[in-house]
Amino acid sequence: VEAQLISRLDNDLTAHDLPDDVQRLVEEFETQARTLQEMEEQVRSYKAAGKHEAAARLHEQMILLQERFTEIAEKFERFRSPSNLEPRLCRAMRELRGIEEATCLLELASEDPESIQGQLTHCKRFYQTLSEIKSEVESVIKTGRKLVEEKSVPQHFTGRLDTLKELYNKLGLQVTEAMSGLNAALDLSRALQEDIPALTGWAETVDMELDQVEATPHTDRDIQAEISFVKDTLVECEKWRERKDTIKSNYREFATLCDPVYLEVLKDRVSDCVRKWERTRDKLMQAQTQLQETMTGSYSASPKIPMRKISREVEEEEVSRKVTRKPEVDIPRIPLDKEIQEFEEAAQEMLERMDTMLVTVRGINSETDPGKRLEVLERELSCLAPDAATLISRGDGLVLTVHATQPERAITLRKQAQDQLRAKWSQVMSETEVRKLQAQQAESLLSEYNNLSRKVVQWLTDISDRLERANNNEKGIKELAEEISSHKSEIEKLRKISSELEIQQVQHSGMERVATSWQRVRSNVAHLHKDSATPEKVDISGDLVPRANKLRESVAFLTRKMSSPPLSGAD
């Protein structure tokens, strides 16, 4: 019973935490109290019967038992006392310090929505913990203030209670602000992850179409259709301007929430996206100017679009070549409508494949090994990339072919198929690169964790062996305590890395073992330190040793008696 009570008191547990234990112990104490009464009655019975020697022996044993019983009863009262301030205060502070040490995990350190969601989950957990212990913190503060006023506890408890209140309020504000910031960052991150690939894909598509139009021989060009195409695309460009402005605005707002160290990748993506839109807009405006000059008769004089002068001989040669090829028209060719249909079907199939890959990419963190994450991403990308590039190139050529005869249909084809392909492919590439970067960082972090973990485990094993050999050597114990204190930063670093790996859903082991060993080592040092500080003032003169031996024998005998019925009359 004493061992149980000491363990509960050392771990800052009170009767409020273990109500069933309290009831059981109350019943046991009542039973043992009745046993002591029975022994006292037996002593009186022996005296009445003239058995004075037996009465004296039993009385001596009863006195020892009563003293021991009183000591344990006092511990029990401390355990179940509602005003047991010290353990409750220590436990509340320990809970809050634990949250305080882990709040570094709430600092925004990535633009990836999944990572931010993981941080937000941790933040909500801290918020829930603070909510759960709020009533206990308030009770400790209220009870403590009352006990200080009644002078039941020392005055210095006032400062400790103030510290408890300030820490709880500080953490409540910090966690609330972090939750608000992470929620805002998550919304911004999701918007950026959607808008950047979309704008980049549109700009790249238009840019390539303009290049292919520019490369088309003058004799095969439909200037009027090109003017119509450029005009319509400029209208689209102005609509995309709003998306571009939104991207810039969201990035600026996101930058206020995140440490600049973690913004380099996102900053480059935003800058590249904006540059592509501006370059595409400039090319469209230049093309519009050139085409207008061509329509007004200044085409040949314009320095912006070089014209090829086709001589009569070349013209005749071209006609001759066409006449020569005329008999070959019987070679079967796919009708344009059928070719468009086949391309649209292929594009739809490719979009589905890209969506499937995005599901794989976004769920890659279900694989707990970062090395295998990289393997999966590389494999998926190498399977999809060649087919996607071939189909997009095929679509560019088809759009130009259709544009020569059916400009409106070409624009529709570009919007409904080609633009979607480019945007989706840009999104696949962007998200894959982000996941690859995260996997590489997680792999590096896991390597650092494993190296540090092996080092710490080896040190803990060594220090445990040295503690066993230290005995009561006060100097040696002091040196070991200093060494343990110097290694505290490594333990904290290992805990932080472990928490970061948990956020990134990376499997790792050993932290629980390290924490247990660390706590055991600290407890052993504290115990040895305490033991080594007591013996010097003990007076071992006179008959103290014989008395101690006699007392030890009596306790052993009494222990045996406690497990058997009271003394019989035959004694």
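These legends go with a set of close-up views of a predicted model.

View 1. Start here to get your bearings before zooming in. The chain has 571 residues, and 38% of them count as buried. Take the contacts between residues with a separation of 6 or more: 83% of these join residues 24 or more positions apart.

**View 2. Helices H5 and H6 pack against each other.** H5 covers residues 113-149 and H6 covers residues 157-215; their axes sit 9 Å apart, at an angle of about 160 degrees. Angles over 145 degrees count as roughly antiparallel, so that is the label for H5 and H6. Their crossing is left-handed. As for what lines this contact of H5 with H6, you'll find 23 nonpolar residues, ten polar and six charged.

**View 3. Tyrosine 127 is a residue of helix H5.** With a relative accessibility of 40%, tyrosine 127 counts as partly exposed. Leaving out residues up to four places away in sequence, tyrosine 127 touches Val175, Thr176 and Met179. Look for glycine 172 as well: 45 residues separate it from tyrosine 127 along the chain, yet their C-alpha atoms are 7.5 Å apart.

**View 4. Helix H4 meets helix H6.** The axes of H4 and H6 come within 10 Å and cross at roughly 30 degrees. That makes the two helices roughly parallel, and their crossing is left-handed. On the H4 side, the residues that meet H6 include Leu85, Leu89, Met93, Leu96 and Ile99. Among their counterparts in H6 are Phe157, Leu161, Leu164, Leu167 and Leu171. Charged side chains turn up too, including Glu86 and Arg97 in H4 and Arg160 and Lys170 in H6. Sorted by class, this contact of H4 with H6 has 13 nonpolar residues, one polar and five charged.

**View 5. The largest nonpolar core brings together 64 residues.** Leu96, Leu164, Trp202, Phe254 and Leu266 have the most contacts inside this core. At least two core residues come from each of H4 (85-102), H5, H6, H7 (223-255) and H8 (264-295). H6 gives the most, with 21 residues. Apart from this core lies another, of 26 residues, including Ile340, Phe343, Val361 and Leu413.

**View 6. Zoom in on leucine 164 and its surroundings.** Which residues does leucine 164 contact, leaving aside neighbours within four places in sequence? They are Leu89, Ala92, Met93, Leu96, Val137, Val140 and Ile141. Leucine 164 is also one of the residues with the most contacts inside the largest nonpolar core.

**View 7. Helices H7 and H8 form another packed pair.** The axes of H7 and H8 come within 9 Å and cross at roughly 155 degrees. That makes H7 roughly antiparallel to H8. The crossing of H7 and H8 is left-handed. Their contact has 19 nonpolar residues, four polar and six charged.

**View 8. Histidine 403 sits in helix H11, which spans residues 370-405.** Is histidine 403 buried or exposed? Its relative accessible area is 10%, so histidine 403 is buried; the cut-off for buried is under 20%.

Conventions:
Residues numbered from 1 in each chain as written. Predicted model: local features only at pLDDT ≥ 70, side-chain atom pairs only at ≥ 80, totals over all residues. Heavy atoms only, no water. Axes fitted to C-alpha atoms, helices over the stretch in contact; angles between N-to-C directions. Helix = DSSP H or I, 4+ residues; strand = E, 2+ residues; numbered from the N terminus. Parallel < 35°, antiparallel > 145°, perpendicular 65-115°, else oblique. Left-handed = near helix turned anticlockwise from the far one by under 90°. Core = buried A, V, L, I, M, F, W, Y, C linked by side-chain atoms within 4.5 Å. Buried < 20%, exposed > 50% of the residue type's maximum accessible area, 1.4 Å probe, protein only. Contact = heavy atoms within 4.5 Å.
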